[in-house]
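Biologist: I am new to this structure. Can you show me how to read it, one feature at a time?

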There are 2 protein chains.
Amino acid sequence: MDALTQAQLNQFRERITPYVTFNEAEWIVFIQHLQVSHYKKKQHFAEAGKVCNYFGFILSGSVRYYNIIDGNEITGYFSFENELASSYKSFLTGEPAINYIQALEPSTIILINRKNMDAMLNNPMLAYKMERFGRLVAEHYLMCYEDRVTSFLTETPEERYLKLLQTGKDVLQRIPQHYIANFLGITPVSLSRIRKRILSPS
Amino acid sequence: MDALTQAQLNQFRERITPYVTFNEAEWIVFIQHLQVSHYKKKQHFAEAGKVCNYFGFILSGSVRYYNIIDGNEITGYFSFENELASSYKSFLTGEPAINYIQALEPSTIILINRKNMDAMLNNPMLAYKMERFGRLVAEHYLMCYEDRVTSFLTETPEERYLKLLQTGKDVLQRIPQHYIANFLGITPVSLSRIRKRILSPS
DNA sequence: TCAAAACGTTAACAAAAGATAAGAAAAGCC
DNA sequence: GGCTTTTCTTATCTTTTGTTAACGTTTTGA
């Protein structure tokens with residue numbers, strides 16, 4: 001756990017400003033509750049069976065979320081720089097996580113631990129804005145999940161893959177294809193077939 | 001739109017107290033922002049293409065959420081008494097909804113419209129608790145969606161159906177089976193086959 | 001640098017799900 | 001009550017996906 005640099009703080013502040021705008025006095029108190037940590041590739045940010053005590057903001061790098069089912073890893077989500085990383089349910093409830101979060105690349109992540117989060121929620125100077133921040137973040141991810149569930153119900157795997165391509169996110173290049181297959185809810189073999197179908201439509 | 005009865009208010013207050021506890025002065029102001037409305041069976045609470053301006057709490061009855069894809073209805077979710085009803089994304093963003101919400105039975109629903117919600121979020125007397133309420137509600141549904149996405153990634157339709165049965169919710173009896181099939185992400189025909197497989201495992 | 005591990009594709013076969021249609025039972029509606 | 005609509009099941013056929021294994025390539029790490 002290092003101290004945060006000014007550049008790291010600026011990056012974080014710029015990203016969260018649309019959600020919550022701290023004045024200078026608030027900001028100074030807020031950043032006292034932050035830590036930063038480096039993760040090597042394949043190092044775990046959270047693990048199934050253990051409580052996830054951190055809420056993370058990825059300054060650089062990326063992570064994947066996965067579950068282990070019958071000994072096989074199933075990758076369910078990815079987060080990249082300027083996005084959040086947390087086994088949200090575990091962080092919120094204090095119950096052991098059911099998934100793993102692992103660095104896909106060497107990553108630098110700002111951390112807020114459960115104790116500091118509670119301290120801010122109970123600090124009259126920050127409480128209101130932290131509640132609001134928490135609401136907007138939760139609502140944001142809720143809407144993302146809502147879209148994802150809808151896509152599972154109304155789209156074929158091929159449609160989901162095409163839509164994913166259309167987002168044009170270059171971050172996709174950084175993800176092994178069998179993880180993307182998991183993300184889409186199919187096997188790597190099946191995704192390979194879909195890709196072939198798309199390239200040479202008969 | 002009727003005035004709320006004391007019994008209705010009590011039911012609502014009991015249900016939301018775990019999320020937010022209003023004192024008497026706050027409660028009196030809060031309930032001034034509530035309305036109540038009755039929905040006939042099959043009447044719509046929200047419709048695709050129209051902005052959902054209401055956030056609902058179901059006092060009695062039930063609703064289903066559905067999309068129309070290629071002319072076919074796909075039911076994605078249900079809500080019952082003491083649960084919420086809203087085309088959440090539309091309510092939050094003000095954009096037209098992409099799904100329909102329809103009463104499955106004659107239903108009575110408490111409504112908070114967008115204007116009243118904003119008024120409370122901007123009323124210093126209520127703002128803090130409304131932000132907190134909103135945060136906890138969003139977090140609750142976020143966790144539900146997270147579980148649901150995980151189930152799509154890691155379970156077969158048969159496993160999802162068995163797990164649904166194991167919840168033992170008698171509300172399932174109130175839902176036509178082909179809606180449950182949609183909810184599980186499969187066709188009604190496929191669910192019928194799964195049921196047969198379960199009853200007479202060869 | 002070199003062996004091991006990870007990755008993507010392809011093939012062959014099995015299992016499951018989708019599409020469509022038909023028919024029976026149940027529910028809803030004048 | 002009698003008619004229509006909805007609901008569920010079943011059968012047949014097609015399509016898709018899963019499973020397993022093989023193979024070549026790329027990446028990784030000691």
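Modeller: Start with the helices by the DNA. Helix 7 (177-184) and helix 8 (188-199) of chain A, with helix 8 (188-199) of chain B, each supply at least two residues of the surface near DNA strand C. Helices (H or I, at least four residues) are DSSP runs, numbered from the N terminus.

Modeller: Some ground rules. This is a predicted model: local features need pLDDT of at least 70, side-chain atom pairs count only at pLDDT 80 or more, and totals for chains, interfaces and linings use all residues. Residues are numbered from 1 along each chain as its sequence is written, chains are lettered from A and ligands numbered from 1 in the order in which they are written, and side-chain values use heavy atoms, without hydrogens and water.

Biologist: Which helix gives the most to the surface near DNA strand C?

Modeller: Helix 8 of chain A, with 5 residues.

Biologist: How do I read a polar contact?

Modeller: Look for a pair of N or O atoms within 3.5 Å. Here a polar side-chain atom of R195(A) lies 3.3 Å from a phosphate oxygen of DNA strand C. R193(A) has a polar side-chain atom 3.5 Å from a base nitrogen of DNA strand C.

Biologist: Is F133(B) buried or exposed?

Modeller: Buried means under 20% relative accessible area, exposed over 50%, partly exposed in between (1.4 Å probe, protein chains only). F133(B) counts as buried because its relative accessibility is 9%. F133(B) sits in helix 5 (residues 127-154) of chain B.

Note on methods: Polar contact = N/O pair within 3.5 Å; in protein donor to acceptor, adjacent residues only side chain to side chain.
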